[in-house]
Amino acid sequence: MFNTAKGIRKSISLRFFATRSSRHYNQSKKSDEDDYTKAKRHRNVKEESTNEEEKEHRNIYLHKSRGQHILTNPRVLDAIVSKADIKPTDTVLEIGPGTGNLTIRLLGVAKKVIAVEIDKRMVGILNKRVSEHGFEEKINVVSGDALKSEFPRFDLVVANIPYGISSPLIAKLVFGDYAFRSATLLLQKEFVRRLLAKPGDSEFNRLAVNVKLVADAKFVMDVSKRDFVPCPRVDSSVVRITPKDEVPDVNMNEWLSFTRTCFSKKNKTLGATFKQKRKVAELLRISQLMSEQNENVIVANDVGDIGESIEEIDEEKEQDSDVEKYLSDSNLGTEMSLFKDKIVEVLKEGGFEDKRPSKLSNEELLCLLSLFNRSGIRFHDCSRGNVDPDVV
């Protein structure tokens with residue numbers, strides 16, 4: 001009996017360690033091959049899908065200094081188009097289309113695309129690709145500088161913005177005379193953090209304050225620097241900017257000049273900023289000028305032609321020269337002292353003397369500007385035209 005039990009255990013042991021039948025092995029091998037074939041096919045499809053996005057820039061030199069980083073990841077490109085909420089009746093404005101990776105996708109869902117490109121080499125590549133896809137009738141290619149070009153009517157903005165023009169371009173869109181539904185923009189990640197910053201955040205700045213006055217900005221997604229060619233030094237983010245239906249009733253030139261003053265030293269108290277002798281002299285000069293002109297000067301509520309304002313001579317240097325004249329005029333000593341007292345009185349009245357701009361909301365800043373204006377204290381010198389709304 002002992003031998004019988006031992007034989008049974010040996011039989012079980014041998015069955016346990018036995019190799020599988022050749023039939024089972026062949027089926028398993030075939031299954032493994034099928035998995036490999038599927039994976040290879042998937043990889044080939046992926047390579048084919050990215051080939052068009054990558055091939056166009058291979059024979060062209062891309063200038064990193066101009067922000068020429070081509071987005072080549074098809075999934076990211078598709079996601080941007082999806083998040084933009086484009087309707088079949090929409091005209092889409094694209095700034096810096098480059099080789100057309102995003103453009104082709106926009107043309108597939110929009111009624112029309114207005115593509116503004118400064119690099120004539122890119123314009124040639126873009127026209128070629130558009131023609132190959134049969135979209136010639138749906139695109140208007142504008143060859144020129146986006147900051148100096150006047151945009152035709154559009155419903156949406158969807159673009160991979162060159163880093164170097166992010167701030168002035170956003171200013172042109174939100175402060176210019178353009179009626180659009182939203183702008184879905186791919187920007188430098190750090191820039192987006194500044195744009196979305198809130199009062200009290202270390203990144204809170206004049207950019208966020210000015211944009212928040214007229215538009216709402218919302219984070220969409222992050223994009224790795226590895227999705228670009230050539231690879232930039234930093235990651236990017238997509239943000240969606242939506243103009244507000246109702247904007248505070250404030251003169252934009254006055255507001256932009258006011259926030260420039262407040263955020264010149266955003267972590268200093270307002271009392272310390274406005275008590276500076278140079279600042280008192282500057283505001284006294286502007287306020288006197290405005291008082292003299294009174295109703296004879298009409299201050300525009302818009303920001304004018306941004307292209308022209310960029311080419312104007314340096315306004316700040318001229319202002320410094322005028323301030324120096326005030327500081328050197330000994331006859332203005334008493335007047336400056338009284339004007340400084342008026343400034344301090346306004347700050348104390350609103351409880352702003354010991355507060356810092358970096359912690360104030362737009363509502364609080366609007367309140368302070370209103371108090372200053374009611375006391376005859378002005379920030380914008382209308383004789384110099386409109387303020388350049390570069391909101392950095």
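**Close-up views of a predicted model**

**View A. Within helix H8, the residues that count as buried are Arg206, Leu207, Ala208, Val209, Asn210, Val211, Leu213 and Val214.** Here buried means under 20% relative accessible area, exposed means over 50%, and partly exposed lies in between, with a 1.4 Å probe and protein chains only. The structure is a predicted model, in which local features need pLDDT of at least 70 and side-chain atom pairs count only at pLDDT 80 or more, while totals for chains, interfaces and linings use all residues. Residues are numbered from 1 along each chain as its sequence is written, and side-chain values use heavy atoms, with hydrogens and water left out. Helix H8 spans residues 206–214 and is mostly covered, with 8 of its 9 residues buried. The elements that cover these buried residues include H6, helix H7 (189–196), strand E7 (215–223), strand E9 (236–243), helix H9 (252–262) and H15. Helices (H or I, at least four residues) and strands (E, at least two) are DSSP runs, numbered from the N terminus. At the start of H8, a side-chain oxygen of asparagine 205 comes to within 2.8 Å of the backbone nitrogen of leucine 207, and this is a polar contact in the sense of a pair of N or O atoms within 3.5 Å, where within protein one atom must be able to donate a hydrogen and the other to accept it, and residues adjacent in sequence count only if both atoms are side-chain atoms.

**View B. Serine 166 belongs to helix H6, which covers residues 166–175.** Serine 166 has a relative accessible area of 2%, and therefore counts as buried. Its side chain reaches the backbone oxygen of tyrosine 163 at 3.1 Å. When neighbours within four places in sequence are left aside, serine 166 is in contact (heavy atoms within 4.5 Å) with Ile161, Leu187 and Phe191.

**View C. Leucine 71 and asparagine 160 are among the positions that UniProt, in an unreviewed entry, marks with the feature "binding site".** The record places this feature at His69, Leu71, Gly96, Glu117, Asp145 and Asn160; its positions are given in the numbering used here, feature names are shortened, and annotations may be inferred rather than shown by experiment. Leucine 71 lies in strand E1 (residues 70–71), and asparagine 160 lies in strand E5 (residues 156–160). Leucine 71 is buried because its relative accessibility is 5%, and asparagine 160 is buried because its relative accessibility is 17%. Apart from neighbours within four places in sequence, the residues in contact with asparagine 160 include His69, Leu71 and Gly96, while those in contact with leucine 71 include Val76, Ile80, Leu186 and Phe228. A polar atom of the asparagine 160 side chain also lies 3.3 Å from the backbone oxygen of histidine 69.

**View D. Helix H4 (residues 101–109) and helix H5 (residues 120–132) cross at roughly 35 degrees, and their axes come within 10 Å.** The contact is made by Asn101, Thr103, Ile104 and Leu107 of H4 together with Leu126, Arg129 and Val130 of H5. Axes are lines fitted to C-alpha atoms, for helices over the stretch in contact, and angles run from 0 to 180 degrees between N-to-C directions. The crossing of H4 and H5 is right-handed; a crossing is left-handed if the near helix is turned anticlockwise from the far one by less than a right angle, and right-handed if clockwise.

**View E. Proline 97 sits in the loop between strand E2 (91–95) and H4.** Proline 97 is buried because its relative accessible area is 7%. Apart from neighbours within four places in sequence, proline 97 is in contact with Thr103, Ala115, Val116, Glu117 and Leu126. Proline 97 and valine 141 are separated by 44 residues in sequence and by 9.5 Å in space, from C-alpha to C-alpha.

**View F. Serine 358 is found in the loop between helix H14 (333–349) and helix H15 (362–374).** With a relative accessible area of 5%, serine 358 counts as buried. Leaving aside neighbours within four places in sequence, serine 358 is in contact with Pro199, Gly200, Phe204, Phe263, Lys266 and Asn267.

**View G. Cysteine 231 is partly exposed at 37% relative accessibility, whereas cysteine 262 is buried at 1%.** A search of the whole structure finds 0 disulfides, a disulfide being a pair of cysteine sulfur atoms within 2.5 Å.
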